[in-house]
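Subject: Structure handover

Hello,

Here is the structure I promised to pass on. Please open it beside this email and follow along.

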Amino acid sequence: MTAQSAAGADLIATTLRVLIPVALALVAGGLILLALGKDPLGYYGFVVQRSLLRWGGAQETLTRMAPLLLIAAGLIVAFRAGIWNLGGDGQFLLAAVTSAALAPALIGFLPRGPTLVVCMIMGCVVGALWSLIPALLKARYGVNEIITTLMMSFLGVSLSNVLIKLVLRDPDTTVPQTRSLAVDDRLPRLFGTSIHCGLLLAVVAVILTHLMMTQTAFGLRLQVLGANRAAAVHAGLRVERLTIVAFALSAGLIGLAGAVEVLGVWGTVRADWNPAFGLLVVPLVFLARFNGYAVIGFTLFFSALMVGGESAARRVGVPQHYVLVLVALLLLFLALTEYLDQSRRKTSPPES
Amino acid sequence: MAALRHITKRFPGITALDRVSLEFRPGEIHVLLGENGAGKSTLVSLLAGMQQPDEGEILIGGAPAVIDSPRRSMDLGIGSVFQRVLLVPSLTVIENLMLGGSWLKTLARAAALRRFEELSALLGIRIDPGAPLSGLSLGEQQQVEIMRALWRDEKLLLLDEPTSMLTPQGVADLGRMMRRLRDKGVALILITHKLLEAFAFGDRISVLRLGAVAGDIGPERLSTMSEAERTETVIRMMFGGEAGMAAAAERGHEDELAILLGRKLRRANTVDRSKPSTLAARALSTAPDFAETPLREVSFELWAGEVLGIAGVDGNGQKHLAEALAGQRPVRHGRIELGVTDITRGRVPQRRQRGVRYVTDDRLGEGTVGTFSVATNLVLKEIGVFPYWRRGISNWPLIYRSAREQIERNDIRTPSELTPVGKLSGGNVQKVLLARELDADANVAILNKPTYGLDLHNQRLALDWIVAAAARGVAVIVISTDLDELLEISDRIGVMFQGHLAGIVDNDDGAADKIRRLMTGAAAA
């Protein structure tokens with residue numbers, strides 16, 4: 001077999017390993033819909049129609065991808081380095097509040113471009129800062145970061161609300177929220193659509209992250225750290241420093257997602273607003289096996305489900321959370337396919 | 001007591017056992033001898049209930065038995081003791097022994113203690129049942145393993161390479177225990193690849209070769225043979241008769257035969273100690289870490305082209321010595337000098353740049369990243385270094401090309417340079433490590449148990465690498481628990497005892513006795 005046809009066969013096998021679970025998840029999800037007395041084909045048809053086929057819906061789907069992709073980029077960095085940063089929501093929200101507070105204040109002194117750039121940078125910085133405590137605890141004392149990032153996430157979400165309600169509140173509104181950034185001052189739209197340029201930024205960020213992880217010495221160091229910490233020590237890597245940098249990069253990208261969502265879509269943050277994207281993206285990143293290109297596809301799929309599912313909730317009467325059921329089923333079937341595939345070629349004699 | 005009838009077990013690509021028939025009798029120590037890969041471990045896993053035979057049947061007490069789980073194996077009166085200790089270190093001896101009980105019943109400590117006394121008398125050993133397991137020596141832990149294996153019933157005891165981690169004294173104790181059990185009518189199966197053990201303990205010796213029984217020497221014949229006759233007969237079986245012996249010699253396997261027949265010093269002592277030393281440790285101490293023994297004021301000098309063996313019972317500070325010298329463990333007091341340079345504060349990359357190399361004994365645990373390719377593992381300690389990386393960007397084509405060259409040059413058996421290193425056999429993983437560490441720029445090399453877990457052929461290769469490196473002028477430290485191996489390749493041998501370097505002896509006649517004394521903590525003679 002030539003290298004090329006082997007690579008081709010590989011690609012087909014990989015694609016099948018993704019498509020089969022997707023199909024199975026849709027079928028199993030359909031059965032659940034049937035059990036609920038809904039028409040599955042009608043539901044799926046509606047979702048596709050609403051989120052992809054209709055131009056307005058498609059724009060909404062693509063816009064939704066921007067924060068998800070940036071979060072995915074952040075999670076890929078962390079997960080590949082063996083760091084389970086589950087504090088995305090806190091990092092996201094604090095960065096969102098920071099940029100929402102800064103942008104209307106800065107726009108008076110600075111032109112639109114620099115204002116947006118400063119806000120995005122500050123989003124990154126705040127996100128990264130919020131990961132510092134878990135990072136130090138993990139690097140110095142080996143404290144489990146799943147616990148610490150989750151705890152910091154709750155604190156971050158609460159702190160955001162406190163800031164909005166007590167400090168940053170716009171006196172002109174009845175509902176507590178930050179001062180709004182005028183629509184014309186938000187992130188520029190792409191080619192006369194309603195999609196803001198954050199999507200472009202996000203796609204570039206995911207691709208750059210992927211290239212960084214696979215094509216640079218730094219990325220390989222992070223991967224060694226993630227795959228075998230003892231080997232990282234053995235090879236003389238600066239494990240503590242790498243851990244902290246990986247945390248900062250991860251949380252910084254997630255912070256950028258928060259800034260982009262505010263600067264591109266909302267222009268303000270209302271109290272108690274929490275889209276909880278941070279945890280939603282985790283399964284997508286696993287589905288994509290930490291691969292940057294694959295994550296773009298899964299994010300598109302998920303955004304479409306979300307956008308379609310939201311209107312389906314109103315029009316077809318299937319709860320919006322059904323989308324999460326589908327993602328869960330997808331994960332289950334992916335794991336199952338993987339397991340069957342492994343046991344099919346499981347083979348080696350016992351160690352001698 | 002137990003018998004195998006025409007047992008065949010296949011794995012994809014190989015037939016691990018090919019119509020093997022064996023009979024294990026009560027009151028007999030039956031040695032199964034064979035190289036790694038001869039099928040010994042597969043046989044063990046069949047009897048222990050971890051694998052099922054593809055063909056043939058196992059008879060227990062004359063009746064066919066299906067051993068489909070380790071629990072079933074125990075129910076049938078088969079007790080297994082594996083190479084590694086499979087007990088819980090934080091529990092006491094008696095708690096460990098009660099673990100196998102039914103989990104619906106409350107723990108019957110009194111009954112357990114009675115059984116403990118019974119077995120202690122049977123084995124002729126004394127261990128405090130209330131002592132935490134982690135406080136026991138490896139030999140004592142193994143005695144507890146044997147008790148656990150006999151806990152339910154004392155019909156058949158299976159010992160898989162039980163001596164691999166014991167001191168000479170521990171081996172002697174084990175031998176005495178096995179004979180006591182045999183005299184009480186227990187059927188014992190001893191699996192080993194060491195010829196001398198087979199002769200010392202075996203009533204009956206069966207030789208496995210390539211998954212088949214190559215020969216069988218019963219007690220009557222064994223007792224009438226002289227040592228030389230036994231050796232010759234067994235070796236002939238292991239290598240497949242006269243033709244096999246000739247072929248083995250032709251393939252350059254005399255060295256493997258030499259390993260089986262006992263070793264002798266292979267290196268002329270030509271180290272020039274009038275020059276300044278290459279590496280010097282000055283009163284080196286490390287901080288204790290969990291249960292590991294730290295270094296205490298270890299000092300020695302090492303010259304170019306010299307092999308310094310480090311002997312000692314496992315866990316006497318050898319690991320800390322290797323790690324401190326390699327730069328992956330901080331030094332608390334003392335200094336390390338490389339030539340005239342103080343490298344005590346240098347980290348692994350700086351030391352590596354100066355030619356310090358470390359082959360760890362934990363090949364998959366820390367030496368390599370199992371899920372990464374062979375190629376990546378070959379450059380694992382060079383990440384970011386020119387020419388494989390330019391300004392931080394990976395030059396994968398170059399990394400792969402260089403990996404292919406090294407695979408070719410060092411005869412690493414792998415489907416390709418992209419194969420995950422974890423899929424290679426132990427010998428080939430070690431070749432990857434040796435290729436990475438004993439490269440042309442090596443200056444000082446520390447090797448921790450370089451032959452541990454390898455088959456004869458790969459043991460030989462690893463020792464050859466070391467000898468060749470020393471001949472090139474590398475200053476070599478070899479840490480090993482296998483004294484024969486150290487006597488074979490070392491110029492001098494140091495002994496670690498409780499974190500101290502108890503002494504360094506020249507490798508000449510009588511070295512072995514001095515070293516054994518030092519290993520037990522007796523002051524240097």
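Start with helix H5 (residues 138-150) of chain B. H5(B) lies across E6 and strand E7 (156-160) of chain B. H5(B) runs at about 160° to E6(B). Axes here are lines fitted to C-alpha atoms, for helices over the stretch in contact, and angles run from 0 to 180 degrees between N-to-C directions. Two residues are in contact if their C-beta atoms, placed from the backbone, lie within 7 Å. Helices (H or I, at least four residues) and strands (E, at least two) are DSSP runs, numbered from the N terminus.

Some ground rules. This is a predicted model: local features need pLDDT of at least 70, side-chain atom pairs count only at pLDDT 80 or more, and totals for chains, interfaces and linings use all residues. Residues are numbered from 1 along each chain as its sequence is written, while chains are lettered from A and ligands numbered from 1 in the order in which they are written.

The sheet in chain B

E6(B) and E7(B) belong to an open sheet of 6 strands, in the order E6-E7-E8-E3-E9-E10, with mixed pairing. Strand E6 (78-81) and strand E10 (212-217) of chain B stand at the edges. Each has a single partner strand, so one side of each is left without a neighbour in the sheet. From one strand to the next, the twist averages 20°. Two strands pair if DSSP finds at least two bridges between them.

E6(B) pairs with E7(B) in the parallel sense, over 4 bridges. There, Ser80(B) has Leu158(B) as its bridge partner. Ile78(B) and Ser80(B) point one way from E6(B), Gly79(B) and Val81(B) the other way, and all are buried. Buried means that 20 or more other C-beta atoms lie within 10 Å of a residue's own; exposed means 12 or fewer, and partly exposed is in between, with C-beta atoms placed from the backbone.

Val207(B) has Gly215(B) in E10(B) as its bridge partner.

The domain assignment, which is automatic or from a database, gives domain 1 (2-89 + 152-224), domain 2 (273-355 + 441-525) and domain 3 (370-440) of chain B. The centres of domain 2 and domain 3 of chain B, taken over C-alpha atoms, are 26 Å apart. Their contact takes 11 residues from domain 2 and 9 residues from domain 3. H18(B) gives 4 residues, the largest share of the domain 2 side.

Buried residues in H18(B) include Leu456(B), Trp465(B) and Ile466(B). Gly473(B) follows H18(B), and its phi is positive, near 105°.

Where the chains meet

Here 21 residues of chain A are in contact with 33 residues of chain B. H9(A) gives the largest share of the chain A side, 6 residues.

One residue in chain A

Ser160(A) is found in helix H7 (residues 145-167) of chain A. Ser160(A) is buried, with 27 other C-beta atoms within 10 Å.

Best wishes
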